[in-house]
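Biologist: I am new to this structure. Can we read it together, feature by feature?

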Amino acid sequence: MAHRRLAGRTDRIVIVGAGLGGLSAALRLTGAGREVVVLEAAEGPGGLMGRWQSGGYTFDTGPSVLTMPNLIDDALACVGESRSDWLELSRLDPSYRATFADGSTLRSFADVEQMSEEVARVCGPGEVRGYRDLVDYLTALYRTEFETFMNRNLDSMSDLVRPEALTLLRLGGLRGLQHCVDRFVTDDRLSRLFTFQAMYAGLAPAKARALYGVIPYLDSVAGVWFPRGGMYRVAEALAGAAAKHGARFRYRTPVRRVEVSGDQARAVITEQGERIEADAVILNTDLQYGYGSLLPADLAPRRLSRS
């Protein structure tokens with residue numbers, strides 16, 4: 001797989017933001033032998049995966065659904081670590097219970113046979129075939145999209161021109177998600193169970209494209225997990241493993257700007273005025289904030305300009 005490469009040395013890397021993306025980058029770069037410094041404005045790692053403690057209780061303030069634990073395994077493996085040494089995950093069974101306005105409840109099971117029984121009990125035996133066909137459809141979407149479009153760099157529009165794009169079109173990936181799901185099931189409750197996940201991406205199911213069907217696949221077919229101690233434990237585990245292998249974390253260190261020479265980052269300037277030299281900088285920040293506040297104005301795409 002081709003990636004864009006930086007010219008010159010890439011020994012010293014500064015990562016701005018200790019959210020999950022920054023933590024994954026820290027593990028991969030540390031494992032590759034780079035000198036990594038992670039700067040984070042908050043008091044600890046996690047970014048939007050936050051934690052609030054009060055009155056002896058601990059609350060997760062960010063994500064509440066964990067899917068694809070293999071991605072955690074992959075990041076930890078970059079430094080030779082195993083998830084079992086850092087994190088205890090339990091598979092939820094059922095993943096959750098959906099309660100509807102008529103008072104009925106539909107439990108979501110990742111196991112197809114178990115879920116078929118649940119569908120027959122709540123929605124009627126006539127919906128089982130449609131449910132199973134829907135699972136096959138969502139699985140096909142996931143297999144088409146993940147390695148080609150989700151788990152790789154997309155540096156230009158030409159990177160989208162691949163045979164899998166035709167497969168995605170044949171699957172109806174650009175049609176409406178709600179429409180595609182309703183081709184398989186007729187019970188409104190079952191339809192909602194496999195479309196509400198579009199809201200995770202900020203989209204109403206009626207407006208989302210079918211390619212977003214990978215989200216209900218992960219949620220309702222591949223299964224949901226929960227880390228003992230709360231979701232924040234994921235951030236603590238990733239940061240702990242990265243630090244163990246040499247990544248340096250500096251918390252309570254907000255960044256003022258990135259110093260750029262030509263088309264290459266040279267240093268990061270903290271709010272305290274400290275200059276931290278770098279061969280490359282990774283901004284694990286919101287896109288608007290990174291372009292609007294940290295990088296020179298002339299680097300921002302027009303739609304993100306500071307006007």
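Biologist: Where does S84 lie?

Modeller: This is a predicted model, so we read computed values throughout. S84 sits in the loop between helix 2 and strand 5.

Biologist: Is S84 buried or exposed?

Modeller: Exposed means over 50% relative accessible area. S84 has 60%, so S84 is exposed.

Biologist: Which parts does the pair of R83 and D73 tie together?

Modeller: R83 lies in the loop between helix 2 (69-77) and strand 5 (89-91), and D73 lies in helix 2, so the pair ties together parts 10 residues apart in sequence. D73 itself is partly exposed, with a relative accessible area of 28%.

Biologist: What is the salt bridge partner of E81?

Modeller: The side chain of E81 meets that of K244 in a salt bridge, at 2.8 Å from N to O. E81 belongs to the loop between helix 2 and strand 5, while K244 belongs to helix 9 (residues 232-244), so this pair ties together parts 163 residues apart in sequence.

Biologist: Is E81 buried or exposed?

Modeller: Buried means under 20% relative accessible area. E81 has 12%, so E81 is buried.

Biologist: What about R162 and E164? How far apart are their closest N and O atoms?

Modeller: They are 3.8 Å apart, and the two residues form a salt bridge. R162 is partly exposed at 32% relative accessibility. E164 is partly exposed too, at 26%.

Biologist: How many salt bridges does a search of the whole structure find?

Modeller: The search finds 21 salt bridges.

Biologist: Which residues are linked in a network of salt bridges?

Modeller: R12, E259, R275, E277 and D279 are linked in such a network.

Biologist: Back to loops. Where does G246 lie?

Modeller: G246 is in the loop between helix 9 and strand 9 (248-250). At 45% relative accessibility, G246 counts as partly exposed.

Biologist: Which residues does G246 touch, beyond those up to four places away in sequence?

Modeller: G246 touches T30 and V36. Now compare sequence and space for another pair. G246 and R34 are 212 residues apart in sequence, and their C-alpha atoms are 9.1 Å apart.

Biologist: Now the serines. Where is S108 found, and is S108 buried or exposed?

Modeller: S108 lies in strand 7 (residues 105-108). Its relative accessible area is 1%, so S108 is buried.

Biologist: What surrounds S108?

Modeller: Leave out residues up to four places away in sequence. S108 then touches P94, S95, Y96, M115, L193 and S220.

Biologist: And S191? In which helix is S191 found?

Modeller: S191 is found in helix 7 (residues 188-193). S191 is buried, with a relative accessible area of 3%. Setting aside neighbours within four places, S191 is in contact with Q178, V181, D182 and V185.

Biologist: Next, the surface. Which residues make a nonpolar patch of about 380 Å²?

Modeller: W52, Y57 and F59 make that patch. Look at F59. F59 is in strand 4 (residues 57-60). F59 is partly exposed, with a relative accessible area of 38%.

Biologist: Finally, the whole chain. How many helices and strands are there?

Modeller: The protein chain has 10 helices and 13 strands. Its C-alpha atoms fill a box of roughly 65 × 50 × 40 Å along the principal axes.

Biologist: What share of the 307 residues counts as buried?

Modeller: The share is 43%. The accessible surface comes to about 16600 Å², and 50% of this belongs to carbon and sulfur atoms.

Biologist: How do I read the charges and the contacts?

Modeller: For charges, compare mean positions. Those of the 37 positive and 37 negative charges are 4 Å apart. For contacts, look at distance along the sequence. Among contacts between residues at least 6 apart, 59% join residues at least 24 apart.

Conventions. Residues are numbered from 1 along each chain as its sequence is written. This is a predicted model: local features need pLDDT of at least 70, side-chain atom pairs count only at pLDDT 80 or more; totals for chains, interfaces and linings use all residues. Side-chain values use heavy atoms; hydrogens and water are left out. Helices (H or I, at least four residues) and strands (E, at least two) are DSSP runs, numbered from the N terminus. Buried means under 20% relative accessible area, exposed over 50%, partly exposed in between (1.4 Å probe, protein chains only). Contact means heavy atoms within 4.5 Å. Accessible areas come from the Shrake-Rupley method with a 1.4 Å probe; for residues, only the protein chains shown count as cover. Lys and Arg count as positive and Asp and Glu as negative; His and the chain ends are not counted. The place of a charge is taken as NZ of Lys, CZ of Arg, CG of Asp or CD of Glu. Patches are made of residues with over 30% relative accessible area and no salt bridge: like charges are joined within 9 Å, nonpolar side chains (Val, Leu, Ile, Met, Phe, Trp, Tyr) within 5 Å. A salt bridge is a side-chain nitrogen of Lys or Arg within 4 Å of a carboxyl oxygen of Asp or Glu.
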